[in-house]
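Visitor: I am new to this structure and should like to understand the reasoning behind its description. Would you kindly show it to me?

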Amino acid sequence: MIYYEDAELVIRDMEKADAQVFYDEYTAQGWHPEVDYYLMRIREHAEGKCVAMTAVYQGCPAGSLYLYRSAKEGPFKGTGYPEIVDFSVLKKYQRRGVGARLMDAAEHLASQHADVVCLGVGLSREYGAAQRIYAKRGYIPDGSGVWYGEKVCEPYADCCNDDDLVLYFSKELV
């Protein structure tokens, strides 16, 4: 399915061939994903658990995003709010509107099922660009504080600034 299209950018369902492209590109950027990760998201899309989107910029896969029908963890679990997961744009395609169009497509799709969409974002500097994008788009923290793993990180508790240290946000859709 196509979610957005203009002269330079197409946002469509993720395809199996995208997995290897993303693996190769992210590995070149110094991150080491697994091809199976992308194949799992494609399977979950086929099972109706999520929508796996790929942004294709000038013919090349440039970014991805997964929209789950309902939050799977964190403070929004059980609310029925759709959740944006693992939003990412390759460095060489950033600052070209790719991320904004991916988020637009996900928010539009989410608005067909709920009046709120949610997400979690890591707190390390690697997530800085995403943190800024979410704030600019009107996402606000849920107020439950920082989560580590799948629970609230209590004040003064030990934690590690890794991918499991997350702050959750939501946005009202109009």
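Visitor: Which residues of H2 are buried?

Guide: In this predicted model, the buried residues of H2 are Tyr38, Arg41, Ile42 and Glu44. The term applies to a relative accessible area under 20%.

Visitor: How do you know that the buried residues line one face of the helix?

Guide: Viewed along the axis of H2, the buried residues fall within an arc of 160°, and therefore they line one face. Asp36 and Ala46, on the other side of H2, are exposed. The cover over the buried residues includes helix H1 (16-28) and strands S3 (50-57), S4 (60-68) and S5 (83-89).

Visitor: What span should the 12 residues of helix H2 have?

Guide: At 1.5 Å a residue, helix H2 (residues 35-46) should span 16 Å; the C-alpha atoms at its ends are 17 Å apart, which agrees.

Visitor: What makes Arg41 count as sitting over the ring of Tyr66?

Guide: A charge sits over a ring if, for Arg, CZ is within 6 Å of the ring centre and within 35 degrees of the ring normal. The charged end of Arg41 sits over the ring of Tyr66, 4.9 Å from its centre. Tyr66 also belongs to an aromatic cluster, whose members include Tyr38 and Phe22.

Visitor: The whole structure holds 10 aromatic pairs. Why is the pair of Trp147 and Tyr168 called edge-to-face?

Guide: Planes over 60 degrees apart count as edge-to-face, and paired centres lie within 6.5 Å. For Trp147 and Tyr168, the planes are 80° apart and the centres 5.5 Å, so the pair is edge-to-face. Trp147 lies in strand S7 and Tyr168 in strand S9, 21 residues apart. Both residues, Trp147 and Tyr168, are buried.

How values were computed. Residues are numbered from 1 along each chain as its sequence is written. This is a predicted model: local features need pLDDT of at least 70, side-chain atom pairs count only at pLDDT 80 or more; totals for chains, interfaces and linings use all residues. Side-chain values use heavy atoms; hydrogens and water are left out. Helices (H or I, at least four residues) and strands (E, at least two) are DSSP runs, numbered from the N terminus. The expected span of a helix is 1.5 Å times one less than its number of residues. Buried means under 20% relative accessible area, exposed over 50%, partly exposed in between (1.4 Å probe, protein chains only). The arc is that of the directions from the helix axis to the C-beta atoms. Contact means heavy atoms within 4.5 Å. Rings of Phe, Tyr and Trp (its six-membered ring) pair if their centres lie within 6.5 Å; planes under 30 degrees apart count as stacked, over 60 as edge-to-face and the rest as tilted.
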